[in-house]
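Here is a short report for a first look at this structure. The sequence and the model come next.

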Amino acid sequence: MITVKELTKKYARNTAVDHISFEVEKGQIVGFLGPNGAGKTTTMRMLTCFLPPTSGSATVAGFDVLEQPLEVKRRIGYLPEMPPLYPEMRTAEYLTFVGRLKGLSGGELRQRVDAVCERCAVTDVKEKLLGKLSKGYRQRVGLAQAIIHNPDVLILDEPTAGLDPKQINETRDLIKSLAGDHTIILSTHILPEVEQTCQQVIIINKGKLVATDSVNNLQSRARGAETVHLEVAGRNGDLDSGIAQRRLEQVAGVNRVMLKEKRGSRSLFEVESQKNKFARGDLARAVVEAGWDLNEMRPAAVSLEEIFLQLTGKQEAAPAGEPVAKEAGQ
Amino acid sequence: MRNVLIICGKELRSYFVSPIAYLLLTMFGFVSAFFFWLYLRGFVEYGMEMQMRGEMFPMNLNEQIIRPLLANSAVIGGLFFIPMITMRLFAEEKRSGTIELLVTSPISDAQVILGKWLAAVTLYSCMLLFTAFNFAFLFKFGNPDWKPLAIGYLGLLLQGGALLAIGTFISTLTKNQIIAGAATFAVCLLLWVMASVSEFEMSKWAQVLSYMSVNSHFESFEKGLLDSKDSIFYASMIFLGLFLSARSMESLRWRS
């Protein structure tokens, strides 16, 4: 649906986007991830024909952004970082205006306005002035505006920025529910958001593409080793954690066992095993055969945050890496 | 054309839901009514004086009221009101980020600019309509010639259109409405005073500058003459202003 080849945007003094290439298939939600100032917004603006690229090409639904901008614009719904609302308009009126701009008219327009109000849960503020809406509603009206003409591609620039946790969840659910009919690119610097909503991730940093892969692959790729949290309890009240640790270390495939916590008869271990060795079954057996109770065993998920730091950290010299880490930690 | 009208309708709406339109209409109405009263009073006093002296001087409503009033409207409307109409056109959209919506919608820059300019011209016409009330009294109680008046209004409209186009262009240059307004005022003023350069300087450059001034082209309309040279001057100024706006909007994308 979207093909980006060697896309570059240079300004007088700096290069905002540096030879980025990626592809997005139809119906997918793609997370566009990077610290602030990585070039996310610039890339999105190039895809929406707001900015022309310095070099390289981008096609949306088969149309080139430079050659056939009108065709591209017809197929794109765009929510900029700041929802483009006119404070003196009322919600329904605004959506009607945007619908007209996108080429809708008559009964179809009216029906679409009602439909997107319903979908984005803004029906109860239909007759309110946009300038008086709360941040959450403004964001949702912005989203309604983006989908009014039922575009093939949705481009959302930080759709959850500045919302409260409840609104963030609602917005995420809304975006997920749109995925079927639309191809969605959403930018964010919040990692859990990508983990929760997206199937594919594109990570950029300092204008360069760092990684593009599915969320699952990326997680397992960064893992390299599998980590399991294990809680072991002694049957009759006490457990010598040293013995338990040694027993666990003997299990085939285990690299390292760490005692995390000891509470009375219970000990919590972190066991790191080689990838693809499936040591979990053996671990369980070892514990049970030794006569202990296995209270808990769960794989420790690697968060995208760690992957992100690994990937962006690798590229950078130490001083430049510092602010990136801070941004990503938000 | 449809897209132009969509933009134009939206702009007119925002003029008329905000106090801007009403403020401009009231102010312009008051000012022109005041001048009308002033000229009318002068006219009546002059008439009485003539009668008392028993002299028969030709009295002419067109020459003595309509013409100076038209010249007045051109200065006041053109100088003080045009910047207030155009300053928000693009500056506001750039500040609030709504320009991104317009630019990423399937309509061309030219349609956006034309729609906005047309809305500005419509508001300006409404302002001119307010002054027409004054003239209605002249037609009720006197017998002025309507043709010079109509041509005078055409001139006002053309001159307004030209200055509005320039104001539109200046509004595309900045995010700040105040700067857009002040710069437009400065440019309008400059286009005004340029005419007087040739009064004390007779070089070629002074002639050119004086010719470029907006009010040297209004004189013919004011007299009730429809001169194609002056109409073409205004039309080309409108074109220039809108053309520059389009270039400026394009450069906005290459630069920003």
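A144(A) touches L95(A), V116(A), C117(A), C120(A) and V122(A), leaving aside residues up to four places away in sequence. Touching, or contact, means C-beta atoms, placed from the backbone, within 7 Å.

This is a predicted model: local features need pLDDT of at least 70, side-chain atom pairs count only at pLDDT 80 or more, and totals for chains, interfaces and linings use all residues. Residues are numbered from 1 along each chain as its sequence is written, while chains are lettered from A and ligands numbered from 1 in the order in which they are written.

**Cores.** A nonpolar core joins buried Ala, Val, Leu, Ile, Met, Phe, Trp, Tyr and Cys residues through C-beta atoms within 7 Å. Buried means 20 or more other C-beta atoms within 10 Å of a residue's own.

| Core | Residues | Among them |
|---|---|---|
| Largest nonpolar core | 126 residues | Y94(A), A144(A), I155(A), I184(A), A162(B), A165(B) |
| Another core, apart from it | 14 residues | L230(A), V232(A), L283(A), A286(A) |

**Helix α6(B).** Helices here are DSSP runs (H or I, at least four residues). At 1.5 Å a residue, its 33 residues should span 48 Å; the end C-alpha atoms are 49 Å apart, which agrees. A kink of about 30° is centred on N134(B). The bend is the angle between axes fitted to the seven residues ending there and the seven starting there.

**Between the chains.** In chain A, 21 residues contact 16 residues of chain B. α3(A) gives the most to chain A's side, four residues.

Note on methods:
Buried ≥ 20, exposed ≤ 12 C-beta atoms within 10 Å, placed from the backbone. Contact = placed C-beta atoms within 7 Å. Helix = DSSP H or I, 4+ residues; strand = E, 2+ residues; numbered from the N terminus. Expected span 1.5 Å × (residues − 1).
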